[in-house]
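Here is a short report on a few loop residues and their backbone angles. Take a look at the structure first.

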Amino acid sequence: MTVRFEKIADTLEQKIRCGEISGKLPNEKELASRFSVASMTMSRAINVLKDKGLVRQVHRRGTFVVPPEKKVLRLWQRSTCYFAGKYPEIMLNGFIMAMVDTVLFLS
């Protein structure tokens with residue numbers, strides 16, 4: 001049997017993974033009100049998301065969705081990096097000096 005906070009965490013996880021939720025989350029009190037649960041229940045759901053690496057909490061700033069990993073296609077031509085989106089592997093055909101890196105943030 002699934003506990004209420006796990007159901008909430010699953011719902012939020014699905015919304016995060018499909019891109020429906022991003023950026024800063026509402027505070028726990030507001031989320032608890034939306035889901036009609038106690039603050040402690042919402043806190044436990046947020047902790048599940050933290051444990052999965054989907055959100056991070058910044059003291060006195062709030063809870064933020066962790067951006068999904070991005071893959072970067074690096075073509076070693078004159079030290080220039082070309083970004084090819086989520087699946088750059090398909091662009092590797094024909095390039096000898098190329099590799100794919102996984103990064104969290106593009107600088």
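Val 37 sits in the loop between helix 2 and helix 3. The model is a predicted one. Is Val 37 buried or exposed? Val 37 has a relative accessibility of 15%. Buried means under 20% relative accessible area, so Val 37 counts as buried.

What does Val 37 touch, leaving aside its neighbours within four places in sequence? Val 37 is in contact with Arg 4, Ile 8, Ala 32 and Met 42. Take Arg 4, one of these contacts. Arg 4 and Val 37 are 33 residues apart along the chain. Their C-alpha atoms are separated by 8.7 Å.

Now turn to backbone angles. Most residues other than glycine have a negative phi. Ser 36 is not a glycine, yet its phi is positive, at about 55 degrees. Ser 36 lies in the loop between helix 2 (28-35) and helix 3 (39-51).

Arg 60 also has a positive phi, near 65 degrees, and is a residue other than glycine. Where is Arg 60? Arg 60 belongs to the loop between strand 1 (55-58) and strand 2 (62-65).

The table sets out the accessibility of these residues.

| Residue | Relative accessible area | Class |
|---|---|---|
| Ser 36 | 62% | exposed |
| Val 37 | 15% | buried |
| Arg 60 | 79% | exposed |

The cut-off for exposed is over 50% relative accessible area. Ser 36 has 62%, so Ser 36 is exposed. Arg 60 has 79%, so Arg 60 is exposed.

Note on methods
Residues are numbered from 1 along each chain as its sequence is written. This is a predicted model: local features need pLDDT of at least 70, side-chain atom pairs count only at pLDDT 80 or more; totals for chains, interfaces and linings use all residues. Side-chain values use heavy atoms; hydrogens and water are left out. Helices (H or I, at least four residues) and strands (E, at least two) are DSSP runs, numbered from the N terminus. Buried means under 20% relative accessible area, exposed over 50%, partly exposed in between (1.4 Å probe, protein chains only). Contact means heavy atoms within 4.5 Å.
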